[in-house]
Amino acid sequence: MYMRVSTKLWLAFVGTIALCVLALYLLLHNSLRQGFLDYTSKQSVQRLEILRSALSNVYREEGSFDALEANPSRWLNLKEIIFAESDSLFDGLPPAQRVGENAPRAYYREFVSSISLHDADKKLLLGVNKPNQTLDWIPVTNANHLVGFIGFVKPTVVSRQQDQNFIQHQFKIFSIISLFVLVIATIVATLLARRISQPLTTLAQKAHALASGDYSQTIPVTSQDEIGQLCNSFNQLSEALAANQQSRALWVADISHEMRTPLSVLKVQIEAMQDGIRPASYENLALLYEKILGLSNLIDDLFELSLSDVGALSYNKKTISFAPLVKTCLKHFQVKAQAADLTLKDNIDVTQDYSIVADSDRLQQLFSNLLENSIRYTDAGGEIQVDISTSDTKVFITIDDSAPGVAPEQYDKIFERLFRLENSRSRATGGAGLGLAICRNIVNAHQGKITAGTSVLGGLQICIELPKAQQ
């Protein structure tokens, strides 16, 4: 059976409160009745003190209860004198309560009739003992000597009409208070259930729209509790899905653009050769080969990036010395830097311990991409500086180059795939904008961190942090 969350909460609140009120009513009902019965019973029993004093006087004057036992009418008269005024307790009772087995007067007379006189050994002298009755005892003494007992059965009902009226009034007041509390609790439960369930209802509606592809859905966060945190997480999820959708659309557009440009050149060049407009000379074929090589590099970069994105890029990590690896990469790029009229130098001390746990092939790929990027985007006549430093737990490598630089607001964006600057570091210098994205994935795979900043040489500084190998 389908039931809304608000209905479940309302039933839970109201049901719990109703049970509590009912249990409290029953407990108070029994407690009040029993407590008041004990109180009134004590009042009735107090009259037995008068009877005990009278019996003590009889024993003191006659020396025993034999004469009293021989004349039961004296015993009845004695009880009648002591309890005669008790009839006044029932004045004013409705006629219906004056008769019947359970009437208060009948219970009180039963109490009076249960009073009996016993000797010191609790042997019955006067009165009647009914079977299955539990007697209470009051000792009768003469000159501090036990001479007998008064036996009686405690009253089990509230006999006085005033006391009954008081109890009934208390029950009536408590019933009204219980109903009032139940009504107030029901109203509060309704408002509370609605307040709790409303964000959940909104969340369900928004989630349905989100599942349908509408990533613009957001929920106002009105509290700091678990529901507020859930709404906040939903908003973050919606923003992430919207960003991913936009990024995916841009990614497809950029990739299409990157592949369409060289393909268009190839198409035009081949058509020109087929029409005899351009000869199939070595220079023209070299141009076609260059475009094909660019497409091949782009596809290789996309493949590498896709592997690193899904974690499928293999890493064979082991403890290696970091400085010789970097020195080897620098040596490989010296010729290319000189060809670009750049000075590539370093201050790396190969005798220092820069041991890290890494895949040497992936680190060579990392530094090759970074050096290729610096050589490509640094103006001729400039300088590229590579340094390594260390701390207790990390190894730092920095690659500084000279002008042109990068605006600070674009430091994080340069690690995004297919991102290229609009200034001199543009498509005209080559590259598809995937190199730094691959670098970031390789560094992340080594539990490191890569950041960009302003170089003291006037260009860009790339800083890499890698965990130092444990000794």
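Two strands are taken to pair if DSSP finds at least two bridges between them. In this predicted model, strand S10 and strand S11 (residues 458-467) run antiparallel and are joined by six bridges. Among the bridged residues, isoleucine 450 has isoleucine 464 as its partner in S11.

These two strands belong to an open sheet of five strands, ordered S6-S8-S9-S11-S10, in which the pairing is mixed. Strand S6 (343-346) and strand S10 (449-454) form the edges, each pairing on one side only. From one strand to the next, the twist averages 15°.

Two helices that pack on the sheet can be described in turn. Helix H9 touches S6, strand S8 (383-390), strand S9 (394-402) and S11, and its direction makes about 165° with that of S6. Helix H11 (residues 435-445) touches S10 and S11 as it packs on the sheet, with its direction at about 135° to that of S10.

In soluble globular proteins, nonpolar side chains tend to be buried together. Here, the largest nonpolar core holds 48 residues, of which Phe322, Leu363, Phe367, Leu370 and Ile464 touch the most other members. Helix H9 (residues 322-339) gives the most to this core, contributing eight residues. Leaving aside residues up to four places away in sequence, leucine 363 touches Ile320, Phe322, Leu325, Ile356, Ala358, His446 and Leu466.

Conventions: Residues numbered from 1 in each chain as written. Predicted model: local features only at pLDDT ≥ 70, side-chain atom pairs only at ≥ 80, totals over all residues. Heavy atoms only, no water. Core = buried A, V, L, I, M, F, W, Y, C linked by side-chain atoms within 4.5 Å. Buried < 20%, exposed > 50% of the residue type's maximum accessible area, 1.4 Å probe, protein only. Helix = DSSP H or I, 4+ residues; strand = E, 2+ residues; numbered from the N terminus. Contact = heavy atoms within 4.5 Å. Axes fitted to C-alpha atoms, helices over the stretch in contact; angles between N-to-C directions.
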